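Student: Hi, could you walk me through this one? I'd like to go helix by helix and ask things as I go.

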Amino acid sequence: MAAGNFAAHLDEQKGGPLSASYQNFNQMTDQLAKTATLRDDFINRFSHEFRTPIASIQGFADLMQERELPKKERQAYLALISKEAHRLTNLSTNVLTLTTLESQTILNNQPSFDLTEQVRQTVILLWPQLEEHKLNVDLTLAPATAFGNANLLNQVWVNLINNAIKFTPDGGT
């Protein structure tokens with residue numbers, strides 16, 4: 001297991017008085033295997049997501065260096081480069097947030113905050129993208145209060161709503 005082989009299992013029938021410990025060991029190896037799979041999947045997806053904007057930035061920068069471009073075309077390329085650079089910034093921020101979350105311990109007695117208002121504020125923040133894709137938003141929300149780190153949970157809403165914008169067809173809800 002120390003080398004990353006999480007297929008090891010103990011025969012609970014042969015555990016005798018330690019059979020409960022054997023069962024716990026087997027559950028631990030199963031959870032470690034699932035965690036390793038999730039980590040590997042995350043790394044693969046993140047690598048793809050990270051390479052895509054880099055390739056776009058490089059491609060448009062190369063085009064701008066190769067030839068003289070009309071001002072309108074140059075501005076369009078610069079806008080795309082800027083958009084992809086912002087995407088890289090968001091990706092790196094998300095990874096830093098995940099790293100921070102992974103290293104934190106559970107904290108009790110966190111302050112309460114209005115969860116409904118937090119979601120509304122996130123929608124307002126992302127309104128330009130919603131309008132760009134002509135998306136309809138249904139913000140019929142029941143009042144809700146949450147306890148915890150409001151900044152970290154806000155990042156969850158930003159990610160979820162960004163994904164909704166990304167994967168909802170234009171004009172959708």
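Predicted model: local features only at pLDDT ≥ 70, side-chain atom pairs only at ≥ 80, totals over all residues.

Student: Thanks. How many residues does H1 have, and what does it reach end to end?

Tutor: H1 covers residues 19–66, which is 48 residues, and its first and last C-alpha are 70 Å apart. That is close to the 70 Å expected at 1.5 Å a residue, where the expected span is 1.5 Å times one less than the number of residues. Helices here are DSSP runs of H or I with at least four residues, strands are runs of E with at least two, and both are numbered from the N terminus.

Student: Which residues of H1 are buried?

Tutor: Asn26, Thr29, Ala36, Pro53 and Met64. Buried means under 20% relative accessible area, exposed means over 50%, and partly exposed is in between, using a 1.4 Å probe and protein chains only.

Student: What is Arg87 in contact with?

Tutor: Arg87 lies in helix H2, and leaving aside neighbours within four places in sequence, it contacts Glu49, Thr52 and Pro53. Contact means heavy atoms within 4.5 Å. Pro53 is also one of the buried residues of H1. Arg87 itself counts as partly exposed, at 28% relative accessibility.

Student: Switching topic: at what angle do H3 and H5 pack?

Tutor: Helix H3 (residues 115–125) and helix H5 (residues 150–167) pack at about 50°, with axes 10 Å apart. The axes are lines fitted to C-alpha atoms, for helices over the stretch in contact, and angles run from 0 to 180 degrees between N-to-C directions. The pair is therefore oblique: under 35 degrees counts as roughly parallel, over 145 as roughly antiparallel, 65 to 115 as roughly perpendicular, and the rest as oblique.

Student: Which residues meet there?

Tutor: From H3, Leu115, Gln118, Val119, Thr122, Val123 and Leu125; from H5, Ala150, Leu153, Asn154, Trp157, Val158 and Ile161. By class, that contact has nine nonpolar, three polar and no charged residues. Ala, Val, Leu, Ile, Met, Phe, Trp, Tyr, Cys and Pro count as nonpolar, Asp, Glu, Lys and Arg as charged, and the others, Gly among them, as polar.

Student: Is Thr122 buried or exposed?

Tutor: Thr122 is buried, with a relative accessible area of 1%. Not counting residues up to four places away in sequence, it touches Asn154, Trp157, Val158 and Ile161.

Student: What does Thr116 contact?

Tutor: Thr116 is in helix H3 as well, and it is buried at 6%. Beyond its neighbours within four places in sequence, Thr116 contacts Leu141, Ala142, Pro143 and Ala144.

Student: Last one: where does Lys134 lie?

Tutor: In the loop between helix H4 (127–132) and strand S2 (145–147). Most residues other than glycine have a negative phi. Lys134 is exposed, with a relative accessible area of 63%.

Terms used: Residues numbered from 1 in each chain as written. Heavy atoms only, no water.
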